[in-house]
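Try each task yourself before reading its solution.

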Protein chains: 4
Amino acid sequence: MLDVQAYADARGVALARAGVRDVQMPFRLLQKDGRAQTVAARVSMTTRLAPEVKGAHMSRFIIQLAEWSRLHTLSLNFNAMLQETMMRLEAPAAALDLSFPYFIDKKAPVTDHSAPMAYRCSFHAHLNCANPDAPEFQLILGLTVPIATLCPCSKAISDYGAHNQRAEIRLLSVMQTTDNGPQTLNGAHHPGEDHPMVWIEDLVSALESCASCPVYPVLKREDEKYVTERQYDNPKFVEDVARDAILLLRDLPGVAGFALEVEALESIHGHNAWAGHEEGFSPLGLRPAFP
Amino acid sequence: MLDVQAYADARGVALARAGVRDVQMPFRLLQKDGRAQTVAARVSMTTRLAPEVKGAHMSRFIIQLAEWSRLHTLSLNFNAMLQETMMRLEAPAAALDLSFPYFIDKKAPVTDHSAPMAYRCSFHAHLNCANPDAPEFQLILGLTVPIATLCPCSKAISDYGAHNQRAEIRLLSVMQTTDNGPQTLNGAHHPGEDHPMVWIEDLVSALESCASCPVYPVLKREDEKYVTERQYDNPKFVEDVARDAILLLRDLPGVAGFALEVEALESIHGHNAWAGHEEGFSPLGLRPAFP
Amino acid sequence: MLDVQAYADARGVALARAGVRDVQMPFRLLQKDGRAQTVAARVSMTTRLAPEVKGAHMSRFIIQLAEWSRLHTLSLNFNAMLQETMMRLEAPAAALDLSFPYFIDKKAPVTDHSAPMAYRCSFHAHLNCANPDAPEFQLILGLTVPIATLCPCSKAISDYGAHNQRAEIRLLSVMQTTDNGPQTLNGAHHPGEDHPMVWIEDLVSALESCASCPVYPVLKREDEKYVTERQYDNPKFVEDVARDAILLLRDLPGVAGFALEVEALESIHGHNAWAGHEEGFSPLGLRPAFP
Amino acid sequence: MLDVQAYADARGVALARAGVRDVQMPFRLLQKDGRAQTVAARVSMTTRLAPEVKGAHMSRFIIQLAEWSRLHTLSLNFNAMLQETMMRLEAPAAALDLSFPYFIDKKAPVTDHSAPMAYRCSFHAHLNCANPDAPEFQLILGLTVPIATLCPCSKAISDYGAHNQRAEIRLLSVMQTTDNGPQTLNGAHHPGEDHPMVWIEDLVSALESCASCPVYPVLKREDEKYVTERQYDNPKFVEDVARDAILLLRDLPGVAGFALEVEALESIHGHNAWAGHEEGFSPLGLRPAFP
């Protein structure tokens, strides 16, 4: 049977990425508490296409993804996963993007009632071995955290009340990696490694501390009173939230760079207030979107 | 050339609707001020398929839509438009769904600064001539109005402040039609007709009056102070907004029935508060979605 | 602390539904093979609001959902779940909507390579005890199945080839329920019950049999040849797929009524071909959307 | 009345962008034929925020957008528009993002039946005067073109037929600008300027030439036969489409760099095939998304 993908290509054009996209697949992921969570992920998996090759063998991506879905718990092993992809596809570079809702149990601030709360998350892993002597590996973590903001201007100029609204902090965070490659995100500490751990659970808490107030899945009246007054005592523009998050991320161990945006669904407008910023954010491959 | 759509079908199954969907097309629409607005619509157009016919001639829908896009201003003439569809497709019934952003200039409450504001709207027209002696025509208008709600509970239990948020009122409104068919929505008054006019512009204002406060495209500080205090003086659950809208719609001339929902993007939660209701809402054909 | 939701309401307007929407929560669901699958669901939960009560106690929904997320495997027990909701909220009727991606392992047609494939699914349960002597319970299952269609007209008129495309069959199926209430969908057979079982896994297969060809997660070249030729040998309009599905659903044990649509992402147009139909489809409460 | 936005900020953090997002506004745009088209745009408008300023005066963006919506035809004047934004907001840099459906009349290949067809488009303009002696201006045009692809592998290995599907080419194209700033996109030729014109209409045609076949709004049977056979005669992987588009864009006058992706809604899978590439693509500010 003919293998058209393996045909020679005369155009002499290398492609940064060719592969599959919008694949849905369940994956087990390590939680901070050491247990595994199965997430329903949307996946993109690609390899660099050398100029002389006509096409990627797309079925090999799905076969590998299905095997890893069954056999592995992510996320300490994206480097190994992409090395396998490069071998299966006979390609010099490979990339993987996973996005998924990640559930974290969250307690009400006063009554301690708790419920799972979903955070949109993503991993973007890129391995480039075009130069075998200097392989490059990069892992980016994406995270969206819903929060509340209360408007400082509205509070200052009004005799009573202040408009507030749901907002989102969205982050793409370049993770520090060690020389031997394994990233350190939501993963067990490897013996002998001294690089910092970064957990989604901790990033959520850190970003929530930049808000007028976090949002919660369950709030009884005692909690609602607390949250209302906490918002009012702590007014913030989207610019304030972004600046506090920037200061926090600059000093966060394990974070080598970031892109950040804060968007508030203004309760006085039909449009949104928005602030965006980047520092040390140089994706190895094509740039990922916020989750 | 073979005409496969015209083949006989042996299964004996009539289909309620067959046609085109997700067609994008510009249409001119009559505004309340008598001028025309060109809207960028997403369109679905279908006919009933008799059991003995294999398929609809889909290109005829697009040809008619393109002609009406060029030649006509809607919306007094949906009945005529669907009569033409029935003839072109040789079908006993036809339906049309248009959804589009509709722009209305909106002034700030104190300073009078104005800007266009977009409202998601839809028309759902259905003409059934299966019984030629008793043709049925129905027009449903869909409308989504963004508003603000301020929580009565939060205000009552907190020492200061009250959580508020952007919310949406969504309406599907069955329009009264006269015996001779022409609907009366965003259209000029026909000589000799005595049925009431219903304008999108007026429906927006009516629904906004059910909110804690409307939302606006431009607010200077004087306006923001007004809006903040207005929200605080006028706390409403989604249930309150829904009930006030129901009372209003029951008495609105030109409205023969409705489905309604109110959804608030709670500023203290990651999920929404929601209320829904229907009265006298019996779509002739398949039920439309809120715009 | 004041309980504003419990205040009296003077407007005299009952609301069909008030509650929470767009809640994200993991739930365990029984598979046909007897094992449980954890799905990432979007949830709406509501109760009817009596005219004399001002508002629903929204936190009670989340508390119950979180308990059921932790403690129960769905879906034989929606009736019991809603009875509990009615008691917690002191309401005469309650409704629950869950939508989620459901993974089913799917084998390639020739090589037997398999991978998980996601199907958008939903449950819509409604319990109405307004008349305690005649409680009404209804369960609707929603399911979207991606398929391929190959155009009979294109094949008939062209010297070679035929355009084909991805399409979707979308179903809302009213499930038969027994006198004592428990529905029979993706659930174990209760001793003494003789009503038919309906499994998502079987509904997927049944609907796929109406297509020109199913779609698959993994296809090696032998499989791709099979699928290509199978499509070409089996041309179908969206109208054909809809009619075959209607005939199938009319006779499917356990299905009491249905709404159905088939939409093809035409490879020759930027818009879609579409067919829709309903039989015996009378939702007890507000009508659910296709998943 | 207090002006909280003008307060001093002690954190010392400059923000790349602060402003409004998801604003909906109609804008007139110059077509290639010299006439104006009113588009329904979603708009983001931002300025750089100096470290010593607390917040942006968000209402000023909306006021300017509303004025330009009423008074101007775009798109030769984005530089002037952003200079005005910088003055109104007293900021050293400003950016504007517009995305909208743009209608182009498109004829069937054989019968010449024509209808409007919508293309998702976007403009991303950035003006940075932080260094007054060396102002930087950049304009990026975004464009998504739906096409058809027919699989070369499927055709080669099958006895008859070949799977094909709708696909999309998505482009972000950095436009060449002259020293004095005015971009040259969908705009009249300025006297004395000798830089090339780039029209959306021409970019659409150019990208369509890279497909197995374009898609059309109206196709009669003669056209459908032509399109079916044209697809079959011209098989292309997403990699082939991407490579042909790259070769084309490298030589296109007026294009200084680009990001490109091709995504096919495979008719044999539930997921997509995808290829992506960038050359000379260095956005001045935060990177725009494909429209």
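**Exercise 1.** In this predicted model, describe how helix α1 (residues 58–71) of chain B and helix α2 (residues 78–89) of chain B pack.

*Solution.* Start with the axes: those of α1(B) and α2(B) lie 10 Å apart, and the helices pack at an angle of about 150°. Next, take the handedness: α1(B) and α2(B) cross in a right-handed way. Then look for the residues that meet. From α1(B) come B:Arg60, B:Phe61, B:Ile63, B:Gln64, B:Leu65, B:Glu67 and B:Trp68, and they meet B:Ala80, B:Met81, B:Glu84, B:Thr85, B:Arg88 and B:Leu89 of α2(B). Finally, sort this contact by class: 7 residues are nonpolar, 2 polar and 4 charged.

**Exercise 2.** Check the span of helix α2 (residues 78–89) of chain C, then find out which of its residues are buried.

*Solution.* Count 12 residues in α2(C); at 1.5 Å a residue, they should span 16 Å. The end C-alpha atoms of α2(C) are 16 Å apart, so the two values agree. Now for burial: C:Phe78, C:Asn79, C:Met81, C:Leu82, C:Thr85, C:Met86 and C:Leu89 are buried. Because these residues cover an arc of only 160° around the axis, they are on the same side of α2(C).

**Exercise 3.** How many helices and strands does chain A have, and what percentage of its residues is buried?

*Solution.* Chain A has 6 helices and 10 strands. Of the 291 residues in chain A, 64% are buried.

How values were computed. Residues are numbered from 1 along each chain as its sequence is written. Chains are lettered from A and ligands numbered from 1 in the order in which they are written. This is a predicted model: local features need pLDDT of at least 70, side-chain atom pairs count only at pLDDT 80 or more; totals for chains, interfaces and linings use all residues. Side-chain values use heavy atoms; hydrogens and water are left out. Helices (H or I, at least four residues) and strands (E, at least two) are DSSP runs, numbered from the N terminus. The expected span of a helix is 1.5 Å times one less than its number of residues. Buried means under 20% relative accessible area, exposed over 50%, partly exposed in between (1.4 Å probe, protein chains only). The arc is that of the directions from the helix axis to the C-beta atoms. Axes are lines fitted to C-alpha atoms, for helices over the stretch in contact, and angles run from 0 to 180 degrees between N-to-C directions. A crossing is left-handed if the near helix is turned anticlockwise from the far one by less than a right angle, and right-handed if clockwise. Contact means heavy atoms within 4.5 Å. Ala, Val, Leu, Ile, Met, Phe, Trp, Tyr, Cys and Pro count as nonpolar, Asp, Glu, Lys and Arg as charged, and the others, Gly among them, as polar.
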